[in-house]
Amino acid sequence: MTLQLDTTHHDRDAVGMTYVYPVLSRRSGGVSVGINLNINNACNWRCIYCQVPELKRGGPPPVDLARLEDELRRMLTTIIHGDFMVESVPEAMRRLNDIALSGNGEPTSASEFPAVVAIIARLLAEFDLIGRIKVLLITNGSLIHRPYVQAGLVQLSALGGEVWFKLDRATREGIKRINQTESAPDKVMGNLVRCAKLCPTWIQTCVFTLDGQPPDEAELADYLAFLGQALAAKAPLKGVLLYGLARASTQPEAPRLRRLPAAWLTQLAERIERIGLTTQTFP
Ligand code: SF4
């Protein structure tokens, strides 16, 4: 496959596979192999900054596990043994960093989630990659209470994997406004604590201006208090990944959203660190 990757376009159809796609990641400075289970662009949330094209509400169709395994094996073969890096990746970024369960919707809404983690485990062993690359689950965290999701998290942890758990706001109103979902903060807390106890977990937070206004002080205070409560509940959090708007939203609210200056993110990061959490910022 001849394809030039860059860090601004994440075209999940670029290599003609159904579930597997390569991206150049600005965060890792290398290649990330994405696994998209939501091939119908359906998510149980509708975040106003979501970049998924033609996003709709719902869950994924049944996952064709044999196809997914075949695609992942072929992708790893061309990256590790083939000419993918030389043909498609700028020289400075020719390293395989991770396999990420991410994509065009919430990955854990697929009941095959633990079977997919088992496929990743099998292929990591086959390519002698266990402990050499990361395995990430990027999730909105809303389905962690489901037993099959927890089973997958246990397997993910055994692989040295990590969860990135979305938390943009910590009040019912804020979650409704930003993520367009009805979710009570105590339910979010329950899922976050459960998740962090099963698998190493980072919180992932996206900040931006909406109609020219950044998150206000009351929202920030609620968010910081929520983080403090998670620590008090003994959630062994790895820290907080603080993101700005990396790519344009595909949602109707897109014209109302703007990036925040890097200094704004740095200030929030300092406040988060004061309550005892590590941060990484990606303005
Ligand atoms: S959870 Fe992720 S995929 Fe779902 S709407 Fe939000 S940003 Fe989009």
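How many nonpolar, polar and charged residues does the shell around the ligand have? I started my notes there, keeping in mind that this is a predicted model. By class, I got 6 nonpolar, 2 polar and 2 charged residues in that shell.

Next I wrote down who they are. Around the ligand I found C43, W45, R46, C47 and C50, along with V52, L55, G105, E106 and N140.

**Overall build**

I then stepped back to the whole protein. I listed 8 helices and 12 strands. Along the principal axes, the C-alpha atoms fill a box of roughly 50 × 40 × 35 Å. I also looked up the radius of gyration, which is 18 Å; a compact globule of 283 residues would have one near 19 Å, so the two agree.

**Contacts and burial**

Of the 283 residues, 39% are buried. I checked the contacts with a separation of 6 or more as well, and 75% of them come from residues 24 or more positions apart.

**The core**

Which residues have the most contacts inside the largest nonpolar core? I noted V20, I35, V116, F165 and C195, in a core of 72 residues. Helix α3, residues 113-126, gives the most to this core, with 6 residues.

Leaving out residues up to four places away in sequence, V116 touches I35, L37, V63, L68 and L101. I35 turns up again here: V116 touches I35, and both are among the core residues with the most contacts.

Definitions and conventions:
Residues numbered from 1 in each chain as written. Predicted model: local features only at pLDDT ≥ 70, side-chain atom pairs only at ≥ 80, totals over all residues. Near = placed C-beta within 6 Å. Nonpolar A, V, L, I, M, F, W, Y, C, P; charged D, E, K, R; others polar. Helix = DSSP H or I, 4+ residues; strand = E, 2+ residues; numbered from the N terminus. Rg over C-alpha atoms; globule rule 2.2 N^0.38 Å. Buried ≥ 20, exposed ≤ 12 C-beta atoms within 10 Å, placed from the backbone. Contact = placed C-beta atoms within 7 Å. Core = buried A, V, L, I, M, F, W, Y, C linked by C-beta atoms within 7 Å.
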